[in-house]
Amino acid sequence: MEEEEGLHQLQLLDTMFVRGLKRKCFDGEEDIEGTLAGFKALPSYNLQRQSLLDMYLVKLQLCHMLVEPNLCRSVLIANTVRQIQEEMTQDGTWQMISTQSTGQTSLDRLVSTDILCRSSKEQVEGKLVQGYSSFPKDFEDTQSQESSEILSTVTSGQAPRSLQSNMWEIENPQENRGNFQKSLDQIFETLENKTPDSVEDLFSEVDNSYYDLDTVLTVMMGNTKMGHCDVLETFPSQAPTNSNSNCKSDLNELDHIVEILVES
Amino acid sequence: MAGAGGGGNDIQWCFSQVKGAVDDDVAEADIISTVEFNHSGELLATGDKGGRVVIFQQEQENKTKSHSRGEYNVYSTFQSHEPEFDYLKSLEIEEKINKIRWLPQKNAAQFLLSTNDKTIKLWKISERDKRPEGYNLKEEDGRYRDPTTVTTLRVPVFRPMDLMVEASPRRIFANAHTYHINSISINSDYETYLSADDLRINLWHLEITDRSFNIVDIKPANMEELTEVITATEFHPNSCSTFVYSSSKGTIRLCDMRASALCDRHSKLFEEPEDPSNRSFFSEIISSISDVKFSHSGRYMMTRDYLSVKIWDLNMENRPVETYQVHEYLRSKLCSLYENDCIFDKFECCWNGSDSVVMTGSYNNFFRMFDRNTKRDITLEASRENNKPRTVLKPRKVCASGKRKKDEISVDSLDFNKKILHTAWHPKENIIAVATTNNLYIFQDKVN
């Protein structure tokens, strides 16, 4: 049943995006072809955009623990997130969202929920099962001494289900505006705390990026409590054993190997 | 040279064969990940997610069966790559075969390159149909004879035996890629080849495994600035110093290795300006190029992005000369396709032998062909329902919206789990190999 509803929501979203994006100045009172039960008016362009941002951020955080993430996919998603963010900055939407002090304790904030950073068996059924990539993981961290500060979590048995229900919420903004708005607030608050280039921060020093991940995923999870799990750190593999390789890449590889050694 | 049909006659495609398991329950390891004909078309290789390579050989044409060309039967099967574990990163390295490329035949043996995410291997496939008999010091079963029992000497002779096809790894090219290898391409000099991962392209010599030259490196000094990755690369078919690589931003760069050792600066940049009326949040994702292939002539190249196939003239950089829509009806479904991850599917494309027709796959086990001369296109389906040999395939049609005619399929009924990502066209004949998830279909044109 839920799947059918979900499909319905997706079809709705498709309609939303097709129509919304063709008309920049959107009139929310317009009729749409084919009414859907319980749906009164087409959401605004901004709402569409925000829901997309949500989806993109979630996808960015999902990762497959065992196999190395797909860099191309991560880059494409990240670019689109950046695009949305820039647009929102220009629109002034960014400033419109007030920073709520959520009163979260620091422990809550520090939950890294690579919730889905587990093997695919443990991932959510349905839409989120695929192996997604976690962009930050793939990056060589030049300041990896902070990696030891990265917090990790354990997924509770509840987690997959509540995440899935949150995904449905995202796809049905009309019915769950309350949750949705709260989710967005928290995302924006996090992002707003950073520089305008905060999206880049997702890829920069690992602790910051995980901080962002934390908040986003905390939001997604609806503040489910988390525990600890190991967060994998990626480092570049050995330099190619060839004397003719680019000296620059050799040096980079060496730097990273030294970092690993220093860290341990 | 077979083309799309001379004199205005369209080809009629017929089912020929299907290989693979029948049941719907697809074993992960059986998922086909690459398909490639060799240079003569006699051999057809497939690679799968389980790291295996299966080679089919076309049987010699039978004079009595003049109504069809030879069938493809299994010639050799071997395990090319095994799963590995990268201890430094604590990550698995998949054994899935990403690409297979054949070398031109130089002697009795066949050679191919196969690659997974990290390691490329050169395989030699050779036949053995004779064995020596009549050793003086060994019995027939291999046991050594006591030399003192030998009273006469004889010369060993070769006697025929059942054909045995052996595959042996001759070279292993490893440890040169930090990121996942997405393409390999053999140079027209038949001595060197390229391998590309997301950020770098390396040049190898087929004889040398312990070093490679890095010729393209788009990794930014600061990884935060990464916005573009390499998606495919190919050597020019005739010019041994020219190659192209495509990117996730929808651009293709042509590089000349004679210009400098590191080809970070392109000689040509092919990019089509974006159509503002089609702009959406998914624009960038769907513009990412998943495959690039030169025409056999070397004059054109074809690129595949999510919704279209584009033909570029190498002499014109600012836009393609031809654009074919593969499944435009999906443009309004991009959000769903993003949600179910299908928007990241990497479709391949291929030319026919005369460069007059191009082919690519789609969803619902549909595949599409575009005739560049007649400007006609056709949609066909790879399905076991039409599995009688010489059954002509019925053209399919997808109804985007509105009233669905009889025999049409509506967009919402398409099965997005049934995708055709890999197709190959025989270099000389009208024979095509189309891979569904775990089956390989072979179609031929109708021979009267």
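These are my notebook entries on a few places I looked up in this predicted model.

**Ground rules.** I number residues from 1 along each chain as its sequence is written, with chains lettered from A and ligands numbered from 1 in the order in which they are written. Because the model is predicted, local features need pLDDT of at least 70 and side-chain atom pairs count only at pLDDT 80 or more, while totals for chains, interfaces and linings use all residues; side-chain values use heavy atoms, with hydrogens and water left out.

**Entry 1: helix α3 of chain A.** I began with α3(A), residues 71-91. Helices (H or I, at least four residues) and strands (E, at least two) are DSSP runs, numbered from the N terminus. How far apart are the end C-alpha atoms of this helix? I found 30 Å, which agrees with the 30 Å that its 21 residues should span at 1.5 Å a residue; the expected span is 1.5 Å times one less than the number of residues. I noted that 17 of the 21 residues are buried, so the helix is largely enclosed by the rest of the structure. Buried means under 20% relative accessible area, exposed over 50%, and partly exposed in between (1.4 Å probe, protein chains only).

At the N-terminal end, Asn70(A) is the cap, with a side-chain oxygen 3.1 Å from the backbone nitrogen of Cys72(A). Just past the helix, Gly92(A) has a positive phi of about 90°.

**Entry 2: the cores.** A nonpolar core is a set of buried Ala, Val, Leu, Ile, Met, Phe, Trp, Tyr and Cys residues joined through side-chain atoms within 4.5 Å. The largest one here holds 43 residues, and Tyr56(A), Tyr306(B), Leu330(B), Tyr338(B) and Ile343(B) have the most contacts inside it. Two or more residues each come from α2 (45-61) and α3 of chain A, and from α1 (283-287) and α2 (334-339) of chain B. Which element gives the most to this core? My helix from the previous entry, α3(A), does, with eight residues. I also wrote down a second, separate core of 17 residues, with Ile11(B), Trp13(B), Leu380(B) and Ile432(B) among them.

**Entry 3: Ser183(B).** I found Ser183(B) in strand β12 (residues 183-186) of chain B. Is Ser183(B) buried or exposed? Ser183(B) is buried, at a relative accessible area of 4%. Its side chain makes a polar contact with the side chain of Asn182(B) at 2.7 Å, and also reaches the backbone nitrogen of Thr233(B) at 3.1 Å. A polar contact is a pair of N or O atoms within 3.5 Å; within protein, one must be able to donate a hydrogen and the other to accept it, and residues adjacent in sequence count only if both atoms are side-chain atoms.

**Entry 4: strands of chain B.** I followed an open sheet of four strands in the order β16-β17-β18-β19, paired antiparallel. Its edge strands are β16 (230-235) and β19 (268-270), each pairing on one side only. Strands pair if DSSP finds at least two bridges between them. Three bridges link β18 (residues 252-256) to β19(B), and Leu254(B) has Lys268(B) as its bridge partner.

Elsewhere, β14 (residues 200-205) and β15 (residues 208-217) run antiparallel, joined by five bridges. A hairpin of two residues connects β14(B) to β15(B), and Arg200(B) stands opposite Asp217(B).
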